[in-house]
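Visitor: Hello! Could you walk me through a few features of this structure, step by step?

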Amino acid sequence: MEEKQAQQQEGLPARFLSGVWKFFTSLKLTVFTLISLAMVSIIGTVIDQTDPAKNMQMLMDLFGPQDAPAALDWLVRLGLTDMYHSWWFVGLLTMLCANITVCSLERFPGVWKKVTTVQGPLTGDTLKTLSQKKEFKVSGAASFKAKATEAMKAAGFTPREVESGGAVHLMAENGKFSRLGVYITHTSVIVIFIGAMIGSFWGYKGYVQIVENGSVDQVSLVSKPLLKKYPGDVVPLSFRVRCDKFELATHQQARFRGMPSDYLSTLTVLDGDKEVLTKMIQVNDPLQYKGIRFYQSSYGQAPGMALMTVRAASQKGGFSVHDYPMKKGDRVKLEGSDYEMEVMDMAADVALGPNNQLVAQSDQFKGRGAVILQFFDKGGNPADQVVISSVIPDSQPQNIPFKFTITGYRGPYYTGLQVSYDPGVWVVWLGCALMVCGILVAFFMFHKRVWVKIEETGGGALVTVAGGANKNRHAFEREFAKLLERLQA
Amino acid sequence: MVYDTNITYFKIAGFCYLFAMVFYLTYLVFRKDKIGLMGTIAVYLGFAFHTVHLGVRWWESYQMGQDIGHIPVSNLFESMSFGAWTIMLMYMVVEKKYNNRSFGVFVTPVALLAMAYIGFAPNVGKEIEPLVPALQSYWLHIHVITSFLGYAAFAISFGVSLMYLIVTTKEKDAIYTFWTMCIGMVIALAVALGLDGLFLSQAGGKHILEASFRSGKPIVQILSFAGLAAILGLSWAFGTGIKDRLAAFANTSEMLDEVGYKTIAVGFPLLTLGIITGAVWANEAWGTYWGWDPKETWSLITWLFYAAYLHARYTRGWRGSRAAILSIVGFLAVVFTYLGVNLLLSGLHSYGASG
């Protein structure tokens, strides 16, 4: 009695483990997990995963402003506002992985055996398992064997010949490796998960804004890697990225005038003070350097950094004209003179106010800009200060023989780039490629086998033709019938 | 110059499909082979005009400007028109392969409903517009084409699975109620869209179903729901008549089960390719191959669902009726993935506020 009890107790951990194993070999578990994942994923499309304000709005519509905050709190506690990273969702995914792995480990050895076993001659047992078979008599064994070999070749098989049990066996099989398709597909799922995990552990997503002619050497993190800490949530780069120019291309056709047709940023990468790479990027065409990718995402007007083009036309001897693109605070030499000029202030669009002073209107340049220029003489002493604007054309410097006009204005842009570093992405692509291969092999290729057994009898031979396929039986039936036709012709 | 010749071809195609459905319905009731043949001819004719519509629209977009030209799959109108085209393509293949015209009455309504919706809904824009920068990529072509071919295959499976349930009905049980309700809902939707077309001819921010269920007038809404109840009730009452009609055709339950499965076996790899190409494109455009965006998530939900279907078939007892029901529910997921996400939820794939 005691012995038996002791035996049972020893068996428990082993029995538990084998019970767990058995649980994970279940196909019913697969169907349950797949449908559960599908159902819970729906929740994440109704409850906003990125913007709490949207959820608050939705809850207010449902429960009223009194109860909405409490309801939102419950959603957060249950992990529903970031559900795809919650423990229970990841748990379901893990269960699916365990299910796939255990099922494959359990069934693969048997399938591998089938795939590596060479097709043997037609035995009585094998014949019983085959769905397609026919027996008939022929007059000459040798001539039939030749005919059968040709017929099998014409049907796409490569027949082998073996003598066994007093009969000649011609046998062939195709698509044996198609049985592995399912395992390729399942492995691909695991590979994709591994790639995704590598990306979550060490990859990151961030954002930079680069003003035209400016540059950055660090990235603000939007999505942090799980296994690497960046102080201040900022990733320092070992190189600089400079924006040479941002261009907003618009459509010119009348119906679509003004609609953006392209966002183009010309970026230059500086590594160790050397320009190593220049590329004009646009949406769908990012810049990549040292595994980090920069994507055209947004743009905007950079305040306080407008570029105004002032034209200076010489008033003495010969008509010479020079354009000066300048920012506020720029001080440049006035060509053809000893003077320097500095931009004290500028405005894109002005009008004459009630007291004859200039009033700034919009920041759209329509040809009515204004700039305050301070001139400095040869010794660096301040000379004239004058407001230049088409609105007051007579306002020109007294002692400096140049006429000034404003010929251009460009508010500088900044370009907004999404930055992504994902060391696992190529593993994911490998997994995807495997998945496509695996699915195509599993669905569209199948294992076909045929036998032609020729037994010499007195004055002729008894022929047995048999075959089978592991999938797509109807198609194989038709193939088999065709082969029979050729053999009996 | 307004480039809208393509719309003319669209309308002709739509009418051909309407005739096809009427012929197939008549064929189902009277079983005259000649009528069935006319149905097939109407489908082929409609498909030809539909192909011309797509080609002309593509050409016209380039006539408007080199920077405006694009493959016609970029907005709700274009993608749904393309979707209906893929459904009819898949249907023609299946009809030819199985030499069976009784499928027609179950598949053509889906394509027809799609054409009717985008044809009549007042705020589904039909003009050719340039691609927004995010769509300017060759990935647009392969992602949209593979996804829609997948959806089309699932649409065929939906129709065939419905037929399976009809043919195997023995009594007015839960499954009978299920398929009669499905048919009733499709008929009610078609009637509602027809009302939209008749009464909502002006634009101005009107929404789909506003001539009936979403009308501002309570009396119209009450009548709409009453009509829906009546249609569902009639469907339930006379469903056995549909079954008797179908029984006369050579549709064994095994064959319907097999076709229902095979179309999913074609659709699943296509959907997989659609999701993968979408992920690769997302990685080139935004730096993230998977962002749990509602559209991405719903396409995964659909994929998981059909994966469950495929695995369930290896479990005893999940062939036949259960598989058919899974296929029908799966198609609802497809419709939500394509339409529900764009029209009801927000996100990167939103077509904006239309419908």
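Visitor: What is the volume of the largest cavity?
Guide: Glad you asked! Keep in mind that this is a predicted model. A search of the whole structure turns up three cavities of 30 Å³ or more. The largest cavity has a volume of about 40 Å³.

Visitor: Which elements give two or more residues to the lining of the largest cavity?
Guide: Let's start with the lining itself, which includes Val160(B), Tyr164(B), Leu256(B), Asp257(B), Ala323(B) and Ala324(B). By class, the lining has six nonpolar, three polar and two charged residues. The elements that give two or more residues are α5 (139-167), α8 (253-285) and α10 (321-344) of chain B.

Visitor: Which residue has its backbone oxygen 3.0 Å from a polar atom of the Ser420(A) side chain?
Guide: Leaving aside neighbours within four places in sequence, the contacts of Ser420(A) include Tyr204(A), Lys205(A), Arg293(A) and Gly287(B). The backbone oxygen that lies 3.0 Å from a polar atom of its side chain belongs to Gly287(B).

Visitor: What distance separates the centres of domain 1 and domain 4 of chain A?
Guide: In the domain assignment of chain A, domain 1 covers 2-109 and domain 4 covers 305-410. Taken over C-alpha atoms, their centres are separated by 69 Å.

Technical notes:
Residues numbered from 1 in each chain as written. Chains lettered and ligands numbered in written order. Predicted model: local features only at pLDDT ≥ 70, side-chain atom pairs only at ≥ 80, totals over all residues. Heavy atoms only, no water. Polar contact = N/O pair within 3.5 Å; in protein donor to acceptor, adjacent residues only side chain to side chain. Contact = heavy atoms within 4.5 Å. 1 Å grid on protein atoms, 1.4 Å probe; cavity = no way out; pocket = protein on both sides within 12 Å on 5 of 7 lines; lining within 4 Å. Points joined across faces, edges and corners; volume = space filled by probe spheres on them. Helix = DSSP H or I, 4+ residues; strand = E, 2+ residues; numbered from the N terminus. Nonpolar A, V, L, I, M, F, W, Y, C, P; charged D, E, K, R; others polar. Domains from an automatic or database assignment.
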